Amino acid sequence: QVQLQESGPGLVKPSQTLSLTCTVSGDSITTNSYYWSWIRQPPGKGLEWIGSIHYSGITYYSPSLKSRTSISRDTSKNQFTLQLTSVTPEDTAVYYCAGGQFDRVLWWGQGTQVTASS
């Protein structure tokens, strides 16, 4: 059974960098052709895909966030990480990590609230 768990600060000051880590258990992030993704949901809004890292290491980003986003991985720890720079209050959201196929999420983390506020 694949499980994902987000970790990171719940409060980030505007202009700073948001950093979250997703720890995956039950499968390796470097096998099975899966995509490992970050998705967020701002208050009162729908889900927004931020970006993904393929098992091969190739990264994909939402065009609207690409200039501020970086997704990397630590294969020794079976983790992947999100960095979002220059945050504003509009980046306040519940952030989820997820894994699955190109067009279908198979597993979700429980989500973590991140608030961008001074």
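Start by selecting Cys 22: at 0% relative accessibility, this residue counts as buried (buried means under 20% relative accessible area, exposed over 50%, partly exposed in between, with a 1.4 Å probe and protein chains only). Before you go on, note that this is a predicted model, in which local features need pLDDT of at least 70 and side-chain atom pairs count only at pLDDT 80 or more, while totals for chains, interfaces and linings use all residues. Residues are numbered from 1 along each chain as its sequence is written, and side-chain values use heavy atoms, with hydrogens and water left out.

Cys 22 lies in strand β3 (residues 18–25) and Cys 97 in strand β9 (residues 93–101), so the pair ties together parts that are 75 residues apart in sequence. Strands here are DSSP runs (E, at least two residues), numbered from the N terminus. If you check the torsion about the S-S bond, you will find about 65°, so this disulfide is right-handed. A search of the whole structure finds one disulfide.

**The aromatic cluster**

Next, select Tyr 34, Trp 36, Trp 38, Phe 80 and Trp 107, which form one aromatic cluster. The search of the whole structure gives eight aromatic pairs. One of them joins Tyr 34 and Trp 36, edge-to-face, at 6.2 Å centre to centre and 85° between the planes. For these pairs, ring centres of Phe, Tyr and Trp (its six-membered ring) lie within 6.5 Å; planes under 30 degrees apart count as stacked, over 60 as edge-to-face and the rest as tilted. Are Tyr 34 and Trp 36 buried or exposed? Both are buried.

**Out to Leu 47**

Pick Leu 47 in the loop between β4 (35–41) and β5 (48–54). Leu 47 is exposed, with a relative accessible area of 53%.

**Ser 76 and its contact**

For the last stop, go to the loop between β7 (69–74) and β8 (79–84), where you will find Ser 76. Its relative accessibility is 67%, so Ser 76 counts as exposed. Show the side chain of Asp 74 too: a polar contact of 2.5 Å joins it to the side chain of Ser 76 (N or O atoms within 3.5 Å; within protein, one must be able to donate a hydrogen and the other to accept it, and residues adjacent in sequence count only if both atoms are side-chain atoms). Finally, draw a distance from Ser 76 to Asp 103: their C-alpha atoms are separated by 27 Å, and the residues are 27 apart along the chain.

Definitions and conventions
Disulfide = S-S within 2.5 Å. Helix = DSSP H or I, 4+ residues; strand = E, 2+ residues; numbered from the N terminus.
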